[in-house]
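The exercises below concern one protein chain and its ligands. Work through each task with the structure open, then read the solution.

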Amino acid sequence: MLQIRLTASVWPLLCLGAYAASSSEASLYQSKLRVADNIQSAMLASIRTSWEQGTAAGATLEFDDPEYSVFGPSPFVCDGKFPLSTLQLAYSAAVRQSSDGRLSQEIGDALDGAALDGASAGSAVLLGSFTDASRRDYWLNAANAQLNFLLNVAPRTSTGAISHRIDSRQYWADGVYMGFPFIAYFGAVTNNATLLQIAYDQCRLYRDALILDGPTGKLWGHIYSDDTKAWIDQGIWGTGNAWAALGMLRVAVTIQKTEHSSTMVSQISNLTSWIKEILDGEFAALRSDNLVPNYIIGGSSTPDAASSAALASVAYRVAYLCPQQFGKNYTDVAAKIRDAIVDNITNLGTLQPIVDSLPDPFPYWNKTGLLSTESQAFGLMMFSAWRDWIAA
Ligand SMILES: *[C@@H]1O[C@H](CO)[C@@H](O)[C@H](O)[C@H]1NC(C)=O
Ligand SMILES: *[C@@H]1O[C@H](CO)[C@@H](O)[C@H](O)[C@H]1NC(C)=O
Ligand SMILES: *[C@@H]1O[C@H](CO)[C@@H](O)[C@H](O)[C@H]1NC(C)=O
Ligand SMILES: *[C@@H]1O[C@H](CO)[C@@H](O)[C@H](O)[C@H]1NC(C)=O
Ligand SMILES: *[C@@H]1O[C@H](CO)[C@@H](O)[C@H](O)[C@H]1NC(C)=O
């Protein structure tokens with residue numbers, strides 16, 4: 001089970017089971033900060049769709065404004081600091097909100113077919129409501145409209161899961177990061193236990209629909225249609241599993257930081273075990289180049305730095321949040337992945353090799369790509385998690 005990350009003076013006493021990061025890790029981290037900056041600037045320089053805007057905001061929050069990320073000690077109240085770079089990304093998401101409530105929609109032809117993707121910027125938008133007093137109502141209205149879309153407008157599957165798509169009922173592993181951390185965060189900020197439970201239930205329903213027995217253990221298939229009761233992409237996709245782990249981790253940590261954590265022990269514990277399931281299955285597929293394959297089955301098995309970075313970030317987080325369950329073997333893998341990625345960043349700050357984040361042709365994410373916002377965001381999340389693990 002996840003522990004609350006307490007204040008600096010109390011936390012180390014509870015942390016005795018953790019594998020302490022050495023001071024050489026701290027100096028290694030310092031020596032690579034320029035790489036992190038280049039990863040971030042390439043992320044911010046890239047043209048972005050709705051899910052990428054939200055993911056970039058989330059990665060920026062963790063890197064630039066960690067006290068307000070759900071991994072910070074008391075993230076749901078203002079500590080006086082203005083989270084400028086996160087709110088700059090959130091502002092664009094809110095300015096481009098569609099009338100149905102989805103954030104970051106009004107770009108290009110505004111035909112984003114996703115129901116959940118816009119919500120990936122929801123937490124950053126709601127953060128504005130208590131850190132930017134001059135626009136309190138603006139941020140709150142935008143976040144409320146986005147929440148209303150998720151709860152009352154988006155299609156539901158036969159089990160009550162919020163569909164990832166707006167014109168059909170589909171489960172995508174990606175949705176677990178896009179939609180559910182925002183619902184939990186809204187619950188935490190407004191002290192609403194119903195929303196915390198909904199966020200958990202949505203993770204549970206998505207896992208129930210997508211979990212498969214893979215060659216390296218239980219992992220998530222990518223896309224299942226509830227309309228036709230058939231898989232659209234049954235492949236075990238690294239990035240899909242990474243989205244699921246990233247999302248469940250944020251939901252679990254958010255619940256843990258509220259006063260409702262003591263009545264939601266079973267929910268937190270289940271989320272933790274489902275995160276472990278993904279790390280175990282994916283890390284068992286680690287290649288000799290220390291990256292996980294793009295697909296474990298059902299698609300191209302080329303090395304993928306993007307999902308590898310995301311999974312390494314999750315491993316660093318759980319290693320200090322629940323050291324009883326995640327031993328040194330998780331951060332050892334994370335360090336191998338980190339070195340493989342950091343030593344191979346291009347002179348433009350881009351991660352490589354990566355999968356093209358757009359399917360070609362749908363629904364095949366087989367092709368390697370040159371740049372994706374999500375890859376860059378995952379790289380930055382890996383740096384933030386590495387930093388926080390060192391400091392824990
Ligand atoms: C919690 O959120 C739900 C969904 O928005 C809402 O229906 C309910 O009234 C809220 N409960 C409280 C106590 O605010
Ligand atoms: C947690 O998972 C167990 C085993 O699948 C299940 O029996 C239990 O109902 C789950 N708890 C919650 C709160 O969903
Ligand atoms: C780490 O070791 C534990 C205990 O031996 C094992 O259950 C788990 O699967 C291992 N995980 C990884 C990623 O190596
Ligand atoms: C994607 O890769 C898988 C496995 O290599 C292959 O079976 C499938 O035909 C590929 N699809 C496309 C459209 O390239
Ligand atoms: C670095 O990236 C290039 C381009 O994707 C790839 O061919 C090469 O194998 C990578 N090197 C390592 C050591 O992973």
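**Exercise 1. Determine how strands β2 and β3 are joined, and in which direction they run.**

Solution. Strand β2 covers residues 211-214 and β3 residues 217-220; four bridges join them, and they run antiparallel. Strands here are DSSP runs of E with at least two residues, helices are runs of H or I with at least four residues, and both are numbered from the N terminus. Two strands count as paired if DSSP finds at least two bridges between them. Finally, follow the chain from β2 to β3: a hairpin with two residues makes the link.

The model is predicted: local features need pLDDT of at least 70, side-chain atom pairs count only at pLDDT 80 or more, and totals for chains, interfaces and linings use all residues. Residues are numbered from 1 along each chain as its sequence is written, while chains are lettered from A and ligands numbered from 1 in the order in which they are written.

**Exercise 2. Give the strand order of the open three-stranded sheet and name its edges.**

Solution. Strands of a sheet pair through backbone hydrogen bonds, either parallel or antiparallel. In this open sheet the order is β1-β4-β5, with antiparallel pairing. β1 (170-172) and β5 (230-233) are the edges; each has a single partner strand, so one side of each lacks a neighbour in the sheet. On average, neighbouring strands of this sheet are turned by 20° against each other, direction ignored. Now take one pair: β4 (residues 223-225) and β5 run antiparallel and are joined by three bridges. Isoleucine 223 has aspartate 233 of β5 opposite. The hairpin of β4 and β5 has four residues between the strands, and in this hairpin lysine 229 takes a positive phi near 50°.

**Exercise 3. Locate the backbone exceptions at serine 104, proline 361 and proline 363.**

Solution. Most residues other than glycine have a negative phi, and most peptide bonds are trans. Serine 104 is not a glycine, yet has a positive phi of about 60°. Its place is the loop between α5 (84-95) and α6 (122-131). For the peptide bonds, check omega. The bond between aspartate 360 and proline 361 is cis, with omega about -10°. The bond between phenylalanine 362 and proline 363 is also cis, with omega about -5°. Proline 361 lies in the loop between β8 (354-355) and β9 (368-369), and proline 363 is likewise found in the loop between β8 and β9.

**Exercise 4. Describe the packing of α13 against α14.**

Solution. Start with the geometry: α13 (residues 305-321) and α14 pack at an angle of about 145°, and their axes are 9 Å apart. Axes are lines fitted to C-alpha atoms, for helices over the stretch in contact, and angles run from 0 to 180 degrees between N-to-C directions. The crossing is left-handed, a term used if the near helix is turned anticlockwise from the far one by less than a right angle. Then list the contact (C-beta atoms, placed from the backbone, within 7 Å). Among its residues are Ala312, Tyr316 and Ala319 of α13 and Tyr330, Ala334 and Ile337 of α14. By class the contact has 12 nonpolar, two polar and one charged. Here Ala, Val, Leu, Ile, Met, Phe, Trp, Tyr, Cys and Pro count as nonpolar, Asp, Glu, Lys and Arg as charged, and the others, Gly among them, as polar.

**Exercise 5. List the residues around ligands 1, 3 and 5 and sort them by class.**

Solution. A residue is included if its C-beta atom, placed from the backbone, lies within 6 Å of the ligand.

- Ligand 1 has Leu151, Asn192, Thr194 and Leu195 around it: two nonpolar, two polar and no charged residues.
- Around ligand 3 are Leu279, Asp280, Phe283, Gly327, Asn329, Tyr330 and Val333. Two or more of these residues come from each of α12 (265-283) and α14 (328-342). The shell has four nonpolar, two polar and one charged.
- Ligand 5 is surrounded by Asp289, Ala340, Asn344, Gln352 and Pro353: two nonpolar, two polar and one charged.

Notes
Contact = placed C-beta atoms within 7 Å.
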